[in-house]
Amino acid sequence: MIVKKKNKILTIFKRMLLVMLSAVLIWIGFHHVMKLVEQHKYPAIGQYVQIENQRMHVYTKGNGPNTIVLFSGLGTASPVLDFEPLINEMSKHNRVVVLEPFGYGWSDKTDRKRTVEHIVEELRSALKQLNIKGPYVLMPHSASGIYTMYYAHEYPEEVKAVVGIDATLPAALAYFNESPPSIPDYMKYAEPSGLARLAVTLDGSDYLPLASEGAYSDENLAMTKAMTAWNSYNKNIVQEASELDDNVRKTAQMSFPSDMPVLFFTRDDGRVSEDGKSHSSFLQTQLTEHPSSTIFPLKGHHYLHWTKYKEMSEVVLRFMKDIEDQ
């Protein structure tokens, strides 16, 4: 009797396991089918360039005396969609370029290591292939401040100015005695397994910009959800996170050329550490000798461009005019 009962329990357990496994496989298949459907529904809005046999997506808008190149922060599903309100404002007076690195937006994924050298080399190659001439105004958000520092230090003749959007600069980690963010390696399976889609399906609002109504179109938000399911924690983003420590080490002693104008948008959150350090006090150490160099605090989220895009565009316009008047 006891043996029969044990066998019955074991049979039930096996069936439950089989049902669960079947559900997982069905979801993975559904995810990949939906990905194909969405990629057909939402084709790239910019143009592609070939780099190392992979396609990189580049979007440009507007004309003007300055070419502003936007770099996104780590893990942004689609830089083009994320920066859209800021692009629309700044492109009224300037040419705005958004480069989507490999693993981001509509760009392909790559097997190349996400070292600072490779990333900057790829971005420069895309600009040159499209005959987008410098010198550029580099505008990095968050972790891409590391790549901008390398770019400006190694190729100063290609950089007219730097405008940071709450940018993470290499020396900041040592200044605040912090470690770079990390992503566990196993997270690279979140996209191919459909886990990223599941997360978006359960609560899509967590993956959308925290902006006022109308800042982002319904189509933009729908595409952002879809691309979050395609790109979240993909192998390139996870590998980029794992390289952050080394990329910071390579650039920590670099600085912007003393005659290069820099503008730093930073969060005005009022936070000061026990030893009196703040975002603003750190950025004071990164200002150059150019008379136009300055810090501009803004109230808002780390993604300042979600809500402050109009004000930022106006400040950048004044900043560039001030540079020209020097």
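**Exercise 1. Explore the second largest pocket of this predicted model: how much space lies in it, and which residues are closest to its centre?**

*Solution.* Start with the volume: the second largest pocket holds about 180 Å³ of space. Next, look at the lining, which is made of 14 residues. Closest to the centre of the pocket are Gln39, Arg55, Trp106, Ser107 and Trp230. Then see which helices take part: helix H1 (2-41) and helix H8 (218-231) each give the lining at least two residues. Finally, sort the lining by class, and you find 6 nonpolar, 4 polar and 4 charged residues.

**Exercise 2. Now turn to the cavities: how many of 30 Å³ or more are there, and what lines them?**

*Solution.* A thought to begin with: rolling a probe the size of a water molecule over the atoms shows where empty space is left. The count here is 2 cavities of 30 Å³ or more.

Take the largest cavity, with a volume of about 120 Å³. It has 14 lining residues, and those closest to its centre are Ser72, Pro101, Ile119, Tyr147 and Glu240. Helix H4 (116-129) and helix H5 (144-154) each supply at least two residues of this lining. By class, the lining of the largest cavity has 9 nonpolar, 3 polar and 2 charged residues.

Move on to the second largest cavity, at about 40 Å³. Its lining consists of Glu89, Met90, His93, Asn94, Ser313, Val316 and Leu317. Helix H3 (84-90) and helix H11 (309-325) each bring at least two residues to it, and H11 has the largest share, with 3 residues.

**Exercise 3. Look along strand S3 (residues 67-71): how many of its residues are buried, and which strands does S3 pair with?**

*Solution.* First, count: 5 of the 5 residues of S3 are buried. Second, check each face of the strand. Thr67, Val69 and Phe71 lie on one side, Ile68 and Leu70 on the other, and both faces are covered. Third, find the partners. S3 pairs with strand S4 (residues 95-100) in the parallel sense over 4 bridges, and Leu70 stands opposite Val98 there. S3 also pairs with strand S5 (residues 136-140), again parallel and over 4 bridges; here Phe71 stands opposite Pro140.

**Exercise 4. Walk around helix H7 (residues 195-202): which of its residues are buried, and which on the other side are exposed?**

*Solution.* Begin with the buried residues of H7, namely Ala196, Arg197 and Val200. These cover an arc of only 100 degrees around the axis, so they sit on the same side of H7. Then go to the other side, where Leu195, Thr201 and Leu202 are exposed. Zoom in on Thr201: its relative accessible area is 54%, and because exposed means over 50%, Thr201 counts as exposed.

Definitions and conventions
Residues numbered from 1 in each chain as written. Predicted model: local features only at pLDDT ≥ 70, side-chain atom pairs only at ≥ 80, totals over all residues. Heavy atoms only, no water. Buried < 20%, exposed > 50% of the residue type's maximum accessible area, 1.4 Å probe, protein only. Arc of directions from axis to C-beta. 1 Å grid on protein atoms, 1.4 Å probe; cavity = no way out; pocket = protein on both sides within 12 Å on 5 of 7 lines; lining within 4 Å. Points joined across faces, edges and corners; volume = space filled by probe spheres on them. Nonpolar A, V, L, I, M, F, W, Y, C, P; charged D, E, K, R; others polar. Pairing = 2+ DSSP bridges.
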